[in-house]
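Please look over the sequence and the model displayed here before reading the report.

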Amino acid sequence: MSEGFSCIEATVAEIHDAMAAGELTCRDLVAEYLERIDAYDRDGPELSSIVTVADGALERAAELDEAFNEHRTVGPLHGIPVLVKDQVETAGTRTTFGSAAFADYVPSTDATIVRKLRDAGAIVLAKTNLPDWGASWFGHSSVRGQTKNPYAPAHDPGGSSAGTGAATAANLGTIGIGGDTGGSIRIPASCCNLYGLRVTTGLISRRGIAPLVDRQDTAGPMTRTVEDLARLLDVLVGFDPDDEWTGVEALADVDASYTTALDQTALEGARLGVLRSSFGEMPEAEPVNDVVDAALETMDAAGAKLIDPIEIPELHSQLSDSALFAHQARANIDEFLARRDTAPVDSIDEVYESGAYHDDLQLFEQLADGPADPTDDPEYWHRVAAQGALRRAILHVFAAEDLDAMVFPSVQVPPPAIDHLSDGVVYRTNTVIASQSSCPAISIPAGFTDDGLPVGVELLGAPYAERNLLGLASAFEATADTRRPPQSAPALSE
């Protein structure tokens, strides 16, 4: 471990400054994170956020140190250890998709975003836990078991990017990669005091990432600061000829670095619509509402104009009508598996019939019961059309109220107790609003309940308004200072 440097809450910029000053090497940084994984993921609170530590991480770090000593940097993420959701294929490192059926599966090629990370100089440090195939709001899988929330280990960290959320929050890596179909980046970001961004669908390639609903799927960054989130976007966003959805890059402003969007004054004069109908009304929602209302007061004090309330007409029924998971996920995963010659199974049916999935994954059973070809069902096309209608309804409110963003709790209730998950806990999340309309949204740390549980507030933007969201988030970050590391994973010297 390098003298005078600690990886606790370290940002990309701080790491690069320490390297430039001769205070840190890539190898020492990787070794410090590996020591923390042993101490807090495998031992101590046993967070169970890491499925696999990548072979060769230390060797890759040594290569990057050699390049740095020769006055060469590989890219903007030179030497930065990244935690990657185990939904994303990594060449030479096993990729389980959270499924015991894939416990020994090692892909031969990288997903496009992993190739981009490596080309940018990043080190794939570890693969993180997720519920089997991402089919849950919670953090338990058949391959790794239950991931714990580092802020309250008796509580769930939120899913499906549970491992990335818990590990990034606990400083087991510098930055994290999650995946979001219905909220799987923003839910664990909310539950783990992180920044998590869902981009407009198509800005980030999905090649090499296990799907659920291709109309909604996207990978994305999960970080402890807005600046690191922007740095990751610079690497991840872009056209991929192997993913036709990425053609939408032409509609987005990607010529300048996303870091240029960071603006600590962005809340001044910003018009924020408060979607009160998405605040929880049950007793357990009260602590969340209190924290979110305090965050709104902070935004107001920073100069934002709160339009409170706004309404999306018939929002609940629109969300119900536009839900595609049960109608499309099985077909999308089966198509993904059919393209992999070395996959241990050929279909979700095989996984289901073998029982190789976590017992509490009711959504997986719903997935397995879905149609083999949804395009034969008129109901499927009704739901596809309903997603377009939802998007139009959202954009109508944006225009009518001249909004910069909509604001609401990312999740209506605090992270649930793990002991209660098997009781059929209903996770009341608002993240599907963005997912089913293909709009971008960012969950930002709003603060903590009196019980010390993290709460996230979501900013929903119009399509391709990622820069605007980054500006607003950076202004809130500078004003509110709501990020703090969990006590369950302190510096190793403490």
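## Basis of the model

This is a predicted model, in which local features need pLDDT of at least 70 and side-chain atom pairs count only at pLDDT 80 or more, while totals for chains, interfaces and linings use all residues. Residues are numbered from 1 along each chain as its sequence is written, and side-chain values use heavy atoms, with hydrogens and water left out.

## The chain as a whole

The protein chain has 15 helices and 13 strands, where helices (H or I, at least four residues) and strands (E, at least two) are DSSP runs numbered from the N terminus. Its C-alpha trace spans about 60 × 55 × 45 Å along the principal axes. A compact globule of 494 residues would have a radius of gyration near 23 Å, and the 21 Å of the protein chain agrees with this; the radius is taken over C-alpha atoms, and the globule rule is 2.2 Å times the number of residues to the power 0.38.

Of the 494 residues, 62% count as buried, a term that means under 20% relative accessible area, with exposed meaning over 50% and partly exposed in between (1.4 Å probe, protein chains only). The protein chain exposes about 17,900 Å², of which carbon and sulfur atoms supply 46%; accessible areas come from the Shrake-Rupley method with a 1.4 Å probe, and for residues only the protein chains shown count as cover. Among contacts with a separation of 6 or more, 76% are accounted for by residues 24 or more positions apart, contact meaning heavy atoms within 4.5 Å.

## Two helix pairs

Helix 2 (residues 26–42) and helix 3 (residues 57–69) pack at an angle of about 155°, with their axes 7 Å apart, which makes helix 2 roughly antiparallel to helix 3. Helix 2 contributes Cys26, Arg27, Val30, Ala31 and Leu34 to the contact, and helix 3 contributes Ala57, Leu58, Ala61, Leu64 and Asp65. Axes are lines fitted to C-alpha atoms, for helices over the stretch in contact, and angles run from 0 to 180 degrees between N-to-C directions; those under 35 degrees count as roughly parallel, over 145 as roughly antiparallel, 65 to 115 as roughly perpendicular and the rest as oblique.

Helix 7 (residues 226–236) and helix 15 (residues 466–480) pack at an angle of about 155°, with their axes 9 Å apart. The contact is formed by Val226, Leu229, Ala230 and Leu233 of helix 7 together with Leu470, Ala473, Ser474 and Glu477 of helix 15.

## Helix 4 and its cover

The buried residues of helix 4 (residues 112–119) are Thr112, Ile113, Val114, Lys116 and Leu117. Their cover includes strand 2 (81–85), strand 3 (123–128), strand 6 (175–180), strand 8 (218–223) and helix 7. Just after helix 4, Gly121 takes a positive phi of about 95°.

## Backbone exceptions

Most residues other than glycine have a negative phi, and most peptide bonds are trans. Phe97, in the loop between strand 2 and helix 4, has a positive phi of about 60° although it is not a glycine, and at 1% relative accessibility Phe97 counts as buried. Tyr464, in the loop between strand 13 (454–460) and helix 15, has a positive phi of about 65° and is partly exposed, with a relative accessible area of 24%.

The peptide bond from Gly159 to Ser160 is cis, with omega near 5°, and Ser160 lies in the loop between strand 5 (145–146) and helix 5 (162–169). The bond from Asp308 to Pro309 is also cis, with omega near 5°.
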